[in-house]
Amino acid sequence: MSAPVRVLVTGAAGQVGVDLVDVLNAVLPPGADAAFQPDGTPIGAEEFDVLGVTHHELDVTDRDATARAIRATRPDVIVHLAAYTRVDRAEVDADTCYDVNATGTETMSLAAHDIGAHLISISTDYVFDGRKGASYIEGDPTNPLNVYGSSKRAGELLCRAEDTIVRSSWVMGVRGKNVLHVIAERALSGATVRFVEDQVGTVTLASDMARALATMVRERPGGLWHVANSGTTSWFDVAQYAGTLLGRGDDFATPIMTSELEPAPLATRPARSDLSTQKWSERFEALPQWRDGVRRLVHDRTATGAP
Ligand SMILES: NC(=O)c1ccc[n+]([C@@H]2O[C@H](COP(=O)([O-])OP(=O)(O)OC[C@H]3O[C@@H](n4cnc5c(N)ncnc54)[C@H](OP(=O)(O)O)[C@@H]3O)[C@@H](O)[C@H]2O)c1
């Protein structure tokens with residue numbers, strides 16, 4: 001039997017990180033589809049030797065500490081999930097956001113190169129301005145509208161050509177903070193919600209993303225890849241569908257326009273930034289439909305006793 005592949009996961013306490021560490025350890029994360037592995041081969045119990053590092057354990061803006069940690073652990077593959085993800089706060093905290101998302105990613109790429117490891121780094125649909133009027137493919141021109149998107153694009157450009165960059169969007173996991181928990185709490189408490197219908201994109205279940213990343217760890221393809229659940233939707237559609245799953249009627253969610261949000265968000269978001277996953281689907285099994293993912297998330301968050 002061959003030796004396990006050593007994988008270092010940064011941002012391991014984040015919503016994708018906790019699911020990815022589980023998946024690589026052949027543990028089923030909450031919300032996961034047990035039958036789904038996009039390359040068709042289930043994860044073996046001893047296939048990976050996984051080291052997940054949290055922000056507390058490794059600050060990726062500390063270049064020396066990062067280089068030391070990578071040399072000490074000598075992973076075969078690094079999945080770089082650590083990121084500054086507070087999109088609105090980034091507008092007033094741009095230096096920190098760039099330090100983490102741009103310089104931190106460059107640091108990971110250099111450290112990976114130093115020991116001959118393959119880097120898989122995660123980026124976002126917010127590198128696009130949303131004005132294309134159709135799903136974005138990997139080669140489309142970027143034009144971020146906010147600091148977070150600009151910092152992630154800078155991080156992409158600081159990677160080396162052989163690195164793998166996975167762009168994802170609207171990520172939500174059973175564990176971790178995301179809008180679906182807010183929607184579910186309001187649905188269960190009898191409250192109503194207002195959600196924008198003029199922001200259109202692609203939902204990504206953290207556990208499905210983790211499955212896709214495990215496939216990337218196996219394949220190490222290099223280059224840019226878009227990964228998201230199948231189907232395009234709006235935040236209003238997500239809220240309405242989740243409400244239906246929790247027994248609420250048509251009066252639960254009201255559609256509004258972004259211009260009606262009060263207070264207005266600090267960061268401008270693209271109006272239509274859905275990711276085309278055609279490149280992915282030509283090589284691997286497509287991720288499940290977004291409604292299937294939302295259904296699993298809502299079901300499993302209820303099963304875990306989340307508020
Ligand atoms: N969430 C989305 O909708 C979305 C969409 C597209 C792409 N992405 C990308 O997908 C990846 C994973 O996202 P996620 O949703 O799992 O994010 P998340 O839940 O916010 O997790 C990010 C993790 O990075 C850690 N971190 C922040 N600064 C760090 C630093 N300087 N050094 C080390 N760790 C640091 C955070 O720790 P602390 O919380 O302790 O600071 C957090 O645990 C990120 O690259 C993100 O940009 C996310």
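**Helix pairs**

I began with α3 and α4, which are roughly parallel to each other, since angles under 35 degrees count as roughly parallel, over 145 as roughly antiparallel, 65 to 115 as roughly perpendicular and the rest as oblique. Before going on, I noted that this is a predicted model, where local features need pLDDT of at least 70, side-chain atom pairs count only at pLDDT 80 or more, and totals for chains, interfaces and linings use all residues. I also noted that residues are numbered from 1 along each chain as its sequence is written, and that side-chain values use heavy atoms, with hydrogens and water left out.

Helix α3 covers residues 94–115 and helix α4 residues 147–157; they pack at about 25 degrees with axes 7 Å apart. Axes here are lines fitted to C-alpha atoms, for helices over the stretch in contact, and angles run from 0 to 180 degrees between N-to-C directions. Helices (H or I, at least four residues) and strands (E, at least two) are DSSP runs, numbered from the N terminus. I found the crossing of α3 and α4 to be right-handed, meaning the near helix is turned clockwise from the far one by less than a right angle, with anticlockwise for left-handed.

Next I listed who touches whom, with contact meaning heavy atoms within 4.5 Å. From α3, Ala94, Cys97, Tyr98, Asn101, Ala102 and Thr105 meet Val147, Tyr148, Ser150, Ser151, Lys152, Ala154 and Gly155 of α4. By class I get seven nonpolar, five polar and one charged; Ala, Val, Leu, Ile, Met, Phe, Trp, Tyr, Cys and Pro count as nonpolar, Asp, Glu, Lys and Arg as charged, and the others, Gly among them, as polar.

Then I turned to α1 (residues 15–24) and α6 (residues 206–219), whose axes come within 8 Å and cross at roughly 55 degrees. That angle makes α1 oblique to α6. The α1 side of the contact includes Val16, Leu20 and Leu24, and the α6 side includes Met209, Ala210 and Leu213. I sorted the residues of this contact into nine nonpolar, two polar and two charged.

My last pair was α5 (residues 179–189) with α9 (residues 290–303): their axes come within 11 Å and cross at roughly 60 degrees. So α5 is oblique to α9. Among the contact residues are Leu180 and Leu188 of α5 and Leu297 and Arg301 of α9.

**Ligand**

Which of the 24 residues around the ligand come nearest? I wrote down His55, Asp59, Thr85, Tyr148 and Lys152, with "near" set at a heavy atom within 4 Å.

For polar contacts I took pairs of N or O atoms within 3.5 Å. An N or O atom in the side chain of Thr85 is 2.7 Å from a ligand oxygen. A backbone N or O atom of Gln15 lies 3.0 Å from a ligand oxygen, and a polar backbone atom of Val171 is 3.0 Å from a ligand oxygen.

Most residues other than glycine have a negative phi, and most peptide bonds are trans. I therefore flagged two spots against that background. Ala26, in the loop between α1 and β2 (48–53), has a positive phi near 60 degrees. The peptide bond from Glu262 to Pro263 is cis, with omega near -10 degrees; Pro263 sits in the loop between β12 (253–256) and α8 (278–283).

Key. A polar contact is a pair of N or O atoms within 3.5 Å; within protein, one must be able to donate a hydrogen and the other to accept it, and residues adjacent in sequence count only if both atoms are side-chain atoms.
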